[in-house]
There are 4 protein chains.
Amino acid sequence: MIKVGIIGVNGYAGGEVLRLLIHHPEVEVAAVASRSQTNRSVADIFPSLIGHKTGGMRIVAVDVQEFSGCDLVFLAVPHGVAAELAPALLEQGKKVIDLGADFRFRDVGVYEAWYGVKHSAAHYLAEAVYGLPELYRERIKGARLIGNPGCYPTSILLGTAPLLQRGLQEVELLIADSKSGVSGAGRSPKPDLHYAEVEGSLKAYGLVRHRHVAEIEEVASDLAGREVKVSFTPHLVPMVRGLFSTIHLTMKEEITTEELTRVYQDYYRGEPFVSILPEPGLPQTKAVIYTNNCHISLRVDPRTKQIIILSALDNLLKGAAGQAVQNMNLMCGLDETLGLNYTGIWP
Amino acid sequence: MIKVGIIGVNGYAGGEVLRLLIHHPEVEVAAVASRSQTNRSVADIFPSLIGHKTGGMRIVAVDVQEFSGCDLVFLAVPHGVAAELAPALLEQGKKVIDLGADFRFRDVGVYEAWYGVKHSAAHYLAEAVYGLPELYRERIKGARLIGNPGCYPTSILLGTAPLLQRGLQEVELLIADSKSGVSGAGRSPKPDLHYAEVEGSLKAYGLVRHRHVAEIEEVASDLAGREVKVSFTPHLVPMVRGLFSTIHLTMKEEITTEELTRVYQDYYRGEPFVSILPEPGLPQTKAVIYTNNCHISLRVDPRTKQIIILSALDNLLKGAAGQAVQNMNLMCGLDETLGLNYTGIWP
Amino acid sequence: MIKVGIIGVNGYAGGEVLRLLIHHPEVEVAAVASRSQTNRSVADIFPSLIGHKTGGMRIVAVDVQEFSGCDLVFLAVPHGVAAELAPALLEQGKKVIDLGADFRFRDVGVYEAWYGVKHSAAHYLAEAVYGLPELYRERIKGARLIGNPGCYPTSILLGTAPLLQRGLQEVELLIADSKSGVSGAGRSPKPDLHYAEVEGSLKAYGLVRHRHVAEIEEVASDLAGREVKVSFTPHLVPMVRGLFSTIHLTMKEEITTEELTRVYQDYYRGEPFVSILPEPGLPQTKAVIYTNNCHISLRVDPRTKQIIILSALDNLLKGAAGQAVQNMNLMCGLDETLGLNYTGIWP
Amino acid sequence: MIKVGIIGVNGYAGGEVLRLLIHHPEVEVAAVASRSQTNRSVADIFPSLIGHKTGGMRIVAVDVQEFSGCDLVFLAVPHGVAAELAPALLEQGKKVIDLGADFRFRDVGVYEAWYGVKHSAAHYLAEAVYGLPELYRERIKGARLIGNPGCYPTSILLGTAPLLQRGLQEVELLIADSKSGVSGAGRSPKPDLHYAEVEGSLKAYGLVRHRHVAEIEEVASDLAGREVKVSFTPHLVPMVRGLFSTIHLTMKEEITTEELTRVYQDYYRGEPFVSILPEPGLPQTKAVIYTNNCHISLRVDPRTKQIIILSALDNLLKGAAGQAVQNMNLMCGLDETLGLNYTGIWP
């Protein structure tokens, strides 16, 4: 059994890591920590754990010593905090998966420009691996430090990787219109996350300067071998979970919907968590929530010379905790799907 | 008092026309009709009317004779049906406002190609006026037959008219990603409108070939004086009302967010139902539902050379019944805002 | 025009008073105040007012001097605060309607026991009138200080008044199971009002000792002329507005559903805001939200000797702001329905 | 591996049985049938199965021959249909679990009176066992035909069994006010299950004569050894899953909340799926949905002499499919929790 710790267990992503690991056959959760909830039981902060044998597990302080018995630690903490915690854990020989942004970038200047803070562990960026298994599986297997991707980048990069990497189209600009459920905004109460303010309301936010732009552009450019820009507009939708990206790009080389669908099916053949839905299929968030799956569909419009890509996933699973566990499986030499192979739930 | 009739009162748009007219100071609702609900009272099909003096009004059959006492008739019926009903009403000297698609097009070939039916009253298209008051107010005042715009076209055309009409940018292609509440799909029960199937789910539908494409392109091209194409992707969102469009276009002439905002403020100065929200303001559907208002914000991204336009309205009001009543006011020489000047409701 | 002020305009109830008065034909809103939002415009805190001429109104400090030009002031402030503000306003000759609990009780001991605070203006309790117009209309007309009823008490008292007051049944105990939308919990952000925590969840709260028990019992006992107790269980439901009470009492004298329905119809005959739905009709919150209406249905079960009463209203309107405006109309000699006679909105 | 079939797989309960069995370590789903969806794949009707290896399973016709290779068959079909199908299956030596009402009653007269149909297999009622494992575990282990309980009865019977069976109170009447998510109403589209009609609306339905009254009364009387009546009022709540019962009974013998809680904890000690939440804990549907758990809390109000019991579960799991799989485990000699021991999901 692999012994695992979770720092920041009280948030939605940290809580999902815990939930997945409770049911994981090869993992023992050795310690869970939270700055604000120390000494409470996990069932106190997640009523969904009441009655389960794990419910009584105590939350410890955010102190690296508490994790001395762990082989691997998940960090589900604000950006900046992970950069402070990771070095001590790595020096003790542990593997680290950071669900935040601190180890997603290769270029520290990009990180510091978009996040507006100084990086306190920049020398680890060179060895950190961007934890998107469908794109960087082999490197993840050998990594000891993972920058787990953001939810929006995961949906947009999975949705465009075949096009970017196969060089079928000369891509300069992606226009990505994404819609996220409210759990993506975190668990802290805020006026604009109040039920009565959110219900029945859809809005855009973070236009032009959302931090995920930098992350998407760095990876997309790496895949394409040329500079790719993204015009990214996220929206908040009155639903708890689910993330849906509608991506537009200009067709440079003629291709049909059928041909493009085959390219994607070929690219993702054998991938356990990515499904390409051929026409007339279309993704919907309800089909992917509570799973680690990503559903993708494609349409080519010869009239307007647009390629339209639809990509749906669960922001807390394939967009955060599920992907983190998938990375853990790879890093620890386990079957990549262990603890993740759930179907969705309907309705 | 103007005597008004409503055919198709049982649907959501027809019901909203009735609700608005009940509170309108210069209108008397003389007759309401429905094919499926004949002889029931309006409160039987709209429990929100229970206890109101109008609740007992009887629904009559869809028979032009029943509307002989009316000055103006609203048609909230499927496309094709309005084309059958309108000629007889017009010949009796009545004004007609059709909330469907039958009289929105100038080119009958476009209508027949996108709607897949033969138009039975094509000779009326030449005199029918597209009922978007902010764009065609003077022609509406003199019209006797209005093709009331679709909900998506209203949001996209109001969001782009200043750019298209002022020639500030050479616009060839609009990329419009729109999101609608479920009431836009009509009142008939269908498997994919079942509460348990919709709740928590967001999906795209009608890609590439949604009928509103033709409507948007015809009007946008008219405004721009050149051919404008639209790549339009509608989405269904788990909320009852509200429609939000995120529109992208490529910046050809340099302009800033501030300058563009001023252009829009200038264009819509004095308009009672359009508000331009300057930076950092952003629209949200909750702020416009239950009103006839459209909220618009603009952002220019010099990095990607994209202009992003956000436009929010209530699909049943400014997107249907509210706009229809606004048209009625103009056609009847009344103050354009009569019966429509409600603030939104929060929360 | 009556000049009116609102203190605590930033909350949901205060905001609804403002919204109703904006459209009221005989009222001018002279000043609005908030402790936390001073100097902002009302449209800043209620985006639903953007574009409306009233949207730019400035919020002033909570200072009685700011209301010197007002004839009547609404207090939508926490309990205890109203008791501090009301005396100065009354001494300046203004009428006062308190939407909180400070002036709902005749017995200061009951108030202090259930609310756990000392009442700082207890000498005003003797003249304060409980503002439930259907029960105390004549006294309201002559009052200068109103304790506007709570949302749960309004629904339960309207649902039982005919039985209590007509002495048809010897009532000792009411069992009331009530369900409220989230707006009833106020606008302040709290962990358990976070959208992602509330959505999909129904729960009971405040069992046995909810403060509305005292209010219901005092008024019910007054109506019955004997002591009536209530076993009251409120529930929080994932919806924004609406309050639904299911009330059980033991049938002592034989009566049928039809007979009981006639008693209620007779009792409420001519009431503009109460509708009795005869069998097979049943109330639903969607039919009453956004209105000042209360819908009531009755069922007698001879098998179990239970009378079951269903009562639905909008917690922010008939349960708060709408009732407050109704009281204002009565106190100012206006038509009781002015500014309140809206139908519901569907869907 | 036990070979299992599901008839009526296309509905919500049948689909949940399939989902649970896909992940069950000792079961192979050998055949699934549906009258309306024959020859489609299960992923066609449950998009949540897209990408899973089971998604391609074909749906067969409702024909007993198709299930010849099965050891056990689940019937998730309308009442009346199960009575027609069960005899042939039993005669072939299969075990049968009926999720409908046909085999829940011992008294065929009660069934025929409340369901209004003639029972076509009444001679099987004597051997059928009511499948509530916490109450009838030993009999279930030996049964070959199970009448799987209704969702409301499960929540109310688990909530009252300790009181009824231990004779602590002389119970004559239970007053049960229950609230269910919309999935409890089935998957067929109907006007009043349309998203736009349900969202934001709470209503009572089926007053006085809901069929679950008969089921609750038969079992409660059996437990109490005397006649127990129930006054039952179900409500439809705008949420997908979850069922919450608030049960009132009159206290005859003095008892405190603490004492009563201990009685319940003692009664359910060792039960894997029932948790008693001591004061100040309270159940909420979000904590139990997606699990087979039932959460129960108790409050005694000495002031009104009322005992109030709160009971929450997932209507499709502990209220239907989960309980059915629990029964299967017992009937087949497996660990009762196999395939069911999931924690809840938050948020």
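Author: Two strands count as paired if DSSP finds at least two bridges between them. The model is a predicted one. By that rule, seven strands of chain D form an open sheet. Their order is β3-β2-β1-β4-β5-β7-β6, and the pairing is parallel. The edges are β3 (59–60) and β6 (129–130) of chain D. Each has a single partner strand, so one side of each is left without a neighbour in the sheet. Further in, β5 (residues 95–98) and β7 (residues 145–147) of chain D pair over three bridges, in the parallel sense. Here Ile97(D) has Ile146(D) as its bridge partner in β7(D).

Now to chain A and its domain interface. Domain 1 of chain A covers 2–148 + 320–331, and domain 2 covers 152–313. The C-alpha centres of these two domains of chain A lie 25 Å apart. In chain A, 22 residues of domain 1 touch 27 residues of domain 2. About 2,300 Å² is buried between the two domains of chain A, and carbon and sulfur atoms give 52% of that area. On the domain 1 side, Tyr12(A), Trp114(A) and Glu134(A) lose the most area to domain 2 of chain A, together 31% of what that side buries.

Polar links also cross this interface. The count is 14 residue pairs in polar contact between domain 1 and domain 2 of chain A. On the domain 1 side of chain A, the elements giving two or more residues are α1 (12–22), α4 (108–115), α5 (133–141) and α10 (321–331). The largest share, four residues, comes from α5(A). The residues of this side of domain 1 of chain A divide into 11 nonpolar, five polar and six charged.

Key: Residues are numbered from 1 along each chain as its sequence is written. Chains are lettered from A and ligands numbered from 1 in the order in which they are written. This is a predicted model: local features need pLDDT of at least 70, side-chain atom pairs count only at pLDDT 80 or more; totals for chains, interfaces and linings use all residues. Side-chain values use heavy atoms; hydrogens and water are left out. Domain bounds come from an automatic or database domain assignment. Contact means heavy atoms within 4.5 Å. Buried area is the accessible area (1.4 Å probe) that two parts lose on being put together, summed over both. A polar contact is a pair of N or O atoms within 3.5 Å; within protein, one must be able to donate a hydrogen and the other to accept it, and residues adjacent in sequence count only if both atoms are side-chain atoms. Ala, Val, Leu, Ile, Met, Phe, Trp, Tyr, Cys and Pro count as nonpolar, Asp, Glu, Lys and Arg as charged, and the others, Gly among them, as polar.
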